[in-house]
Structures are given as C-alpha cells and as structure tokens.
Amino acid sequence: FKPRRGFTTWLIGKPLQTADAPHQTIGKLIGLAVFSSDALSSVAYGPQELMMMLAAAGIASLQYSLPLVLGIVALLTILTISYEQTIHAYPNGGGSYIVSRDNLGILPAQIAGAALLTDYILTVAVSISSSVAQISSAFPGIYRWRVELAIFFIMLIMIINLRGVKESGVTFAIPTYFFIIMMYITIIVGLVRYFTGTLGIVTNPPELTILAEPQALGLFLILKAFASGTASVTGVEAISDGITAFREPRSKNAGATLILMALILGSMLIGVTFLSGQVSAIPSEHETLVSQIARTVFDSRGFLYLLTIIGTTVILVMAANTAFADFPRLGAITAKDGFLPRQLTYRGSRLVYSRGIMSLAILASILIIIFKANVSSLIPLYAIGVFLSFTLSQTGMAHRWWKSGRLAPGQEKVEPGSVVRYEKKWLIKMIINGFGAVVTFFVTIIFAVTKFADGAWVVVILLPILVVIFFSIHRHYQNVAAHLTLEKYAGQHHMSRHRVIIPIASVHRGTLKALRYAESLSKDITAVHVSIDDDEAAKLQQKWETWGDGVRLVILESQYRLMIEPLLNYLQELNEQRLENEMITIVIPQFIPKRVWANALHMRTADTLRKVLMGQKNIVIVEVPYQVD
C-alpha cells in the first residue's frame, strides 16, 4: 500500500520505503554539517559568555580570556581523543546512554539519558536565541521580535529535518561551510592586519554587559568564567551518538569527522578570542563579539561584514540541527528500552523519528518563550547536563577497557550495545578515558557550584525528576508486559453464556442496526433506556413493542435527570451477578454525521459511554456506527 499524496507530501517530501534506509546515510563532508554545527556555532557565544563573566572584575580582567580559552581547547582535545575511542568501540552508536547502560548499569544510563535529552533541548534554545542576537546586532529594530523570530527558525528546522537525514544534511552543508569560510577569512584578515600593524580597535563600542556582581578577580570568578566558556565544547558527543547515520565504514567516517570538527573548532575559538583582545572588543548583549571583530577587521559594516554576520546567524540556526539529529535517535533508543513512550521508536514517512523531532521543537519553543530568547539567561542551564553525560560516558569506557583486559586473546563478551574483545592496548585506552572522566567530572562540579545560583539549580533538580519519570514509565511497561505475557498461562475456559446490553435513547434506524448486530452475538439481549421524561419513555416503549423484535426492554428511572450514572449502576449490578464463564457485551448504537462540524450539535452519548465503560472489568464495548448522509 502506497500512502496518498497530500499537504504533508508537499511539505516534507514523498514517503520513503523501509528498503530505502541504507541509501539515506551520509559521508564525512555532509556529516560535518549535520553533527558539528552545534559545536562550531559555539564560537559565536562561548568566548563572549566567558568574557561577560570576567568583566565583573573590570575591563582589565579580559586579558585572562585567551588563557581560559586555551584551557577549553585543551579540554576539547581530551574529549576528542576519548570519543574517538568510543566511536570505534561502539560502531552502532556509542553515546553516553549506551556506554553507561552497558558498563555502569541502568540508573547511570537513565541519568545520562536525562542529561543529554535536556541538553539537546537547551542546545536548540541557546543556538537559536544566539542567532537572533546576531541579527539584532546588525539590525537593532528586530530585537523586539526576537521570540517570534526564534520560534519561526525552530519550526523551519523542524520541517527540514522531517524531510530526512540525507536531504536535511545537504540543505545544511552549504551554510555550514559558508560560515567556516567567512570565519576563517575574518580571522586570517584580522591576523594579517595585526601583524602588519594596521588593525585598529572597535569604534563606538556597545555598552558593557556584566553577568556577575562587581568583584575582585579571584579563583571563583575565574572558574565561573571557565564554566561559561565550556559551552563551546558541548557538541563533541553528537557524532558518537549519530554513527548510524554515516556510510560504511561507519566508525572510520565518524572518527575522521570528529577530528576535523575539533581542529576547526579549536582554531576558531583561539582566533576569535585573540582578535577580540586586540581590537578591544566589549562583551555585550547589544552587539556580539563576532560583529565587533568583523566591523573592525573590515573597517565597516560593508559587504564582508554582512556576509560574516549572515554566516554566523545561519550556523547558529543550523546548530539546532545537531540536536534535531541526535535527540530523536536517543529518544528512540531510550523508548526501545522502555523508559520513554514507545511512540518515539516509530519512524515517519521519511525514515526519521518524526515524533521525537516534533517533541524537541515544541519543548525548545516553550523554553524560548519562558526565557524570552535571552542567551545569558539560558547559558547557566546549559552544559552541566552534557558534562555529566561526558563523565558517565568516559567512566563507562574506562570500565569497558578494564573488562577487555580481563578477557583472554580471542575471547569475547556480547553486550546489548557492542561486543567486548581482548584489546592489547587496553591499559593505555583505559587511562585515556579515565583521565577524560576525571577532567569532565571536575568541570561538572565547577559548573554546578559556580552556576548553581544563576540557574543551574533548575537542571540539578530537573534531572532527578526526569529519572524518576523514566523509571515510572518503565515500571508501567513492565506491569503491562507481566499482565499480557503467555508464559505460565493456562488459558481460559470458553464462555458458557453471552449477555448483550443495548443502551438506547430512542428507537430509530441506528438502534435497529445495533439490535441486528446484537442478535448475531447472542439470544440473551436486553435493551436499556434511562428515563428522564415519563411521556417520552412511554412513547419509546410503545415504539419498541413494534420494532424491538421481542427483545426485552428495561427502563431505568432517573429522578435527577442523570443519563450515565443509572446505566452504570445497572451494569455494576449485572456484573456482580455475572457467572464465572459469562461475558457481558455492551452494544452502543452511534450515528455518524457526514460533516465533522455537525458532531458539535449532538450529545455524543456513545463516546461518553465508551470512555466510562472502558474502565469496567469483564465488559466488552462494541460501537455500531450508522452513517447519516
């Protein structure tokens, strides 16, 4: 069966067959655009947030920006080496969730899952808000429309992602590489002008924005600034989460993409931070660092400046695409394990997890509205979750290499996410991942302590709540499975008696159609009418004697004009008297108007009955529709 073409087909493309899945994979160049845009885009806000925090100690403290960024680049290097190992160990996807599940247990896996899912939502909110900030830097009049513009961008990316991984990757590749080219042009021109002595300073600098109370420069403020800047490395794990999207050999292509991304990101972070210091850029919410650097390097707000701003804005919008690529995949894996609604495991018409994509768009839009698309308000919520997942992932990998060292050569251990084999260099790899775990753990603690009062407390409280929800969902699925399992099931005896009840409000063609159906089920049929008007009840009884085919009619008096309660009471009495092998079936006549809007003109009693009776044990509800032209 081929789905019909309609508005959805026009919007997201024609449906793809399941057999088309292998052809929807991507190579390294497209993969860099799909999974690296989040990390690369952080160049636009990571150094700026770091400098806004340092500014609390005065403009002179901004000289420490470059050393702190070099520390962040060192952290990026550690994470890259660690995750490159993870990619090769888990060729089917080795994100924090799977690594933690296989090596640390169910609880750490759910903590990692909750942290990553939260971070992906924040990634969309932060990157989109930052893109709107870039636009308003060039066109200040747009600032008051920032929330509406941010939501528009989210919906646009959602639609593109619903079109499929391959098509969305091609769509995002051009703007991603355009951003990379423009940033390198800006940095290289700036460096040339610096070394030739022609680089000036920012003219008409914007008003300084300080994110902390004025204070002396101390260790706490430096750590707080470092924590703000670490937002620049939060997209590193994305590639290890999305390995299955790459062409074969998956691990090789994903690993090469990760290393390339790290090189580009590290060089741009250093370049932007260095130039911001040389042009005396001011960290401000009114104009971004990139905007100040670009207009100083190019001596105007001319063509190259606008291209740089456009490229930065677009990459920040595209950054949300990394979350749209990974959030649905992680949601599907978690749902498959029974910790999220199973609906998230179903692929849409374009072979993507459509429900996950739409859920992410809705949740991110809510955050945008709550925080009014303000990057500085969202940043404190950002990164703590992903660094927690970094820590769990690296700890899990270290434990995996330890298990590998306990195996004999040629021996292997099959786990849900991969196969553990003896590895000659297991000790070196364990040390690398162990060191990564220690470093990211300390960054997590730094972030939690320094950013707690600024809003990180929300995530600290939210993560345990999400984990509790995950386990509640899991218990529900386990309970349902226990009730439905056929293990140790002896079967049931055949029904010896079948009693049918037909609730009727009046006698018409729809009623008689339901009666004919009931007669095909059993000879024990009872029609039940709830009377709120004696005259109407008498007319119905007279009509039933003519058309009721001899079936008995029970009239229930309702002195308080209640329609449902008397019927439920009657059915409850029948159920209490029910024999062990007796089945009670409620046959409900329901007429269906040709036009949907006409439903509002009718009582829809059948719908109410169905919803109420569904909770009754040992009762089967059958609706018999009668279409009215």
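The model is predicted. Helix α5, residues 96-103, has 8 of its 8 residues buried. Strand β4, residues 524-531, is likewise largely enclosed by the rest of the structure, because 8 of its 8 residues are buried. The largest nonpolar core has 135 residues.

- The buried residues of α5 are S96, Y97, I98, V99, S100, R101, D102 and N103.
- These buried residues include the charged residues R101 and D102.
- The cover over the buried residues of α5 includes helices α4 (65-89), α6 (106-138), α10 (238-241), α13 (303-336) and α16 (384-406).
- After α5 comes G105, which has a positive phi, near 120°.

**Packing of α5 against α13**

- The axes of α5 and α13 come within 10 Å and cross at roughly 30°.
- Angles under 35 degrees count as roughly parallel, and α5 and α13 are therefore roughly parallel to each other.
- On the α5 side the contact is made by Y97, I98 and R101, and on the α13 side by L330, I333 and T334.
- By residue type, the contact of α5 with α13 divides into 4 nonpolar, 1 polar and 1 charged.
- An α-helix has 3.6 residues a turn, so residues three or four places apart point the same way.
- Y97 and R101 of α5 both belong to the set that meets α13, as do L330 and T334 on the α13 side.

**Nonpolar cores**

- Within the largest nonpolar core, V124, I128, V236 and F324 touch the most other members.
- Helix α6 supplies the largest share of this core, 15 residues.
- Another core, of 17 residues, lies apart from it and has I501, I586, I588 and L609 among its members.
- With its neighbours within four places in sequence left aside, F324 is in contact with V124, I154, I157, M158, N161, I357, L360 and A361.

- Strand β3, residues 497-503, runs parallel to β4 and is joined to it by 5 bridges.
- V500 has I525 as its bridge partner in β4.

Conventions: Residues numbered from 1 in each chain as written. Predicted model: local features only at pLDDT ≥ 70, side-chain atom pairs only at ≥ 80, totals over all residues. Heavy atoms only, no water. Buried < 20%, exposed > 50% of the residue type's maximum accessible area, 1.4 Å probe, protein only. Helix = DSSP H or I, 4+ residues; strand = E, 2+ residues; numbered from the N terminus. Contact = heavy atoms within 4.5 Å. Core = buried A, V, L, I, M, F, W, Y, C linked by side-chain atoms within 4.5 Å. Axes fitted to C-alpha atoms, helices over the stretch in contact; angles between N-to-C directions. Parallel < 35°, antiparallel > 145°, perpendicular 65-115°, else oblique. Pairing = 2+ DSSP bridges.
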